[in-house]
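Me: Please go through the ring contacts in this model closely, and then the parts of the chain that lead on from them. Plain wording will do.

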Amino acid sequence: MGILGLSKIIADLAPSAIKERELKHYFGRKIAIDASMCLYQFLIAVRNEGAQLTSADGETTSHLMGIFYRTIRLVDNGVKPVYVFDGKPPNLKGGELAKRAEKRDEAQKALAAAEEAGNVEDIDKFNRRLVKVTSTHVEEAKQLLKLMGIPYVEAPCEAEAQCAALVKSGKIFAAATEDMDALTFGSDILLRRLTFSEARKMPVQEIHLDKVLEGMELTREEFIDFCIMLGCDYTGTIKGIGPKRAIELIKTHKSIDKIIENIDSHKYPIPDEWNYRQARQLFLEPEVTNTDEIELKWNEPDEEALVKFLCGDKQFDETRIRNGAKKLAKARNTSTQGRLDSFFKVLSTTPSAKRKAEEKKKPAKKAKTVGGGSKFRGKGK
């Protein structure tokens with residue numbers, strides 16, 4: 001779920017925090033991608049006649065198709081992707097997971113009714129609601145990424161939190177996920193639509209946390225409490241308080257603790273045993289791997305191993321896989337060389353017309369040596 005309604009609130013209250021970019025804008029950038037979110041998107045989107053792609057023996061291959069071709073597209077645009085996989089869910093997420101299980105049961109019943117009625121549109125709709133990323137999907141995706149030479153990170157807990165930690169450490173430029181709680185976890189920059197921006201002809205949405213806080217006039221701690229009040233994966237909310245009232249209360253009282261002390265609890269009942277403090281602490285100090293222990297390395301793709309993995313039982317077309325592997329290798333080498341070239345920019349030694357005119361107006365001065373004719377211009381991350 002992420003944070004309920006946060007993207008619209010940012011658009012309304014802090015529009016300057018949001019920029020729209022073309023994918024090529026991220027040339028040379030290292031970007032941490034929420035892998036589970038991607039796999040879920042691919043399982044829903046990569047379909048044939050309303051169903052997921054499968055091999056001859058019925059095994060799902062939609063996730064592999066999505067990872068392979070969209071990763072190539074990212075690398076072809078100069079992006080250096082790092083996929084981050086979820087670990088175990090935090091204990092606080094138990095309530096949210098129970099709700100999801102209940103919704104799946106409801107969708108399963110609705111699917112059975114749609115199949116009995118022969119309603120094709122409803123069958124497809126409820127099939128999509130039943131899509132779930134399994135451990136098999138995850139392990140196959142990791143194997144594929146390894147063969148493609150793309151690094152991945154196994155988070156001990158939430159992938160969004162690990163992505164945010166990588167961004168805060170300076171190892172990564174931005175976190176790419178559709179879940180807005182990457183901002184709540186403290187990612188300086190959040191990218192949405194990254195993995196499907198070109199496929200759907202949509203710009204990448206780039207959201208800057210410092211501009212969000214500035215536009216909403218909140219500290220990070222106040223922002224976290226505001227997100228909890230909107231609705232997150234880890235705890236309940238105060239019934240009857242919407243986004244507008246929530247921002248007013250946070251700005252007035254500065255914290256949920258003070259809001260509880262001052263609010264009319266008859267009009268706005270506080271949830272029983274509300275564990276907002278634990279949720280707050282989880283956002284402030286999530287369980288993540290120390291980024292100093294994470295080494296990110298992009299390697300050459302293993303073409304023969306890719307063909308063996310994807311073109312055997314999974315029945316991908318060998319010519320397309322070989323072409324994809326070659327394109328991946330070429331794009332990787334091109335982006336690496338281009339990135340090195342971009343570190344150095346030779347400044348012109350020919351005076352401009354404006355500078356010549358200014359020099360004529362000045363009295364002659366003794367020349368002074370200031371060094372070479374080039375300037376080092378480093379780019380971060």
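Reply: Phe 185, Tyr 234 and Phe 283 are joined into a cluster by ring pairs. The model is a predicted one.

Glu 158 sits in the loop that runs between β6 (152–154) and α7 (159–169). Is this glutamate buried or exposed? Its relative accessible area is 4%, and buried means under 20%, so Glu 158 is buried.

Next, the aromatic pairs. The structure holds 6 of them. In one, the ring centres of Phe 85 and Tyr 152 are 5.7 Å apart and the ring planes meet at 85°. Planes over 60 degrees apart count as edge-to-face, so this pair is edge-to-face. The two residues belong to distant parts of the chain, 67 residues apart: Phe 85 is in strand β5 (residues 80–85) and Tyr 152 is in strand β6. Phe 85 is buried, at 2% relative accessible area, whereas Tyr 152 is partly exposed, at 30%. Another pair is formed by Trp 274 and Tyr 276, with 4.9 Å from centre to centre and 55° between the planes, and this one is tilted. Both of its residues, Trp 274 and Tyr 276, are buried.

Rings also meet charges here. Arg 29 has its charged end over the ring of Phe 173, 4.2 Å from the ring's centre. Lys 80 lies over the face of Trp 298, and the distance to the ring centre is 4.5 Å.

Tyr 276 leads on to a helix, α13, which covers residues 276–284 and contains Arg 280. What does Arg 280 touch, leaving aside its neighbours within four places in sequence? Its contacts are Ile 224, Asp 225, Ile 228, Ile 256 and Asp 257. Arg 280 has a relative accessible area of 18%; the limit for buried is under 20%, so Arg 280 counts as buried.

Helix α10 takes in residues 220–230 and packs against helix α9 (residues 209–216). The angle between them is about 85°, and their axes are 10 Å apart. Angles of 65 to 115 degrees count as roughly perpendicular, so α9 is roughly perpendicular to α10. On the α9 side the contact is made by Leu 209, Val 212, Leu 213 and Met 216, and on the α10 side by Arg 220, Phe 223 and Phe 226. Sorted by class, that contact has 6 nonpolar residues, 1 charged residue and no polar ones.

The loop between α9 and α10 holds Glu 217. This residue is not a glycine, yet its phi is positive, about 55°. With a relative accessible area of 58%, Glu 217 is exposed.

Arg 193 has a positive phi too, about 70°, although it is not a glycine. Its place is in the loop between β8 (189–192) and β9 (204–208).

Methods:
Residues are numbered from 1 along each chain as its sequence is written. This is a predicted model: local features need pLDDT of at least 70, side-chain atom pairs count only at pLDDT 80 or more; totals for chains, interfaces and linings use all residues. Side-chain values use heavy atoms; hydrogens and water are left out. Axes are lines fitted to C-alpha atoms, for helices over the stretch in contact, and angles run from 0 to 180 degrees between N-to-C directions. Helices (H or I, at least four residues) and strands (E, at least two) are DSSP runs, numbered from the N terminus. Angles under 35 degrees count as roughly parallel, over 145 as roughly antiparallel, 65 to 115 as roughly perpendicular and the rest as oblique. Contact means heavy atoms within 4.5 Å. Ala, Val, Leu, Ile, Met, Phe, Trp, Tyr, Cys and Pro count as nonpolar, Asp, Glu, Lys and Arg as charged, and the others, Gly among them, as polar. Buried means under 20% relative accessible area, exposed over 50%, partly exposed in between (1.4 Å probe, protein chains only). Rings of Phe, Tyr and Trp (its six-membered ring) pair if their centres lie within 6.5 Å; planes under 30 degrees apart count as stacked, over 60 as edge-to-face and the rest as tilted. A charge sits over a ring if NZ of Lys or CZ of Arg is within 6 Å of the ring centre and within 35 degrees of the ring normal.
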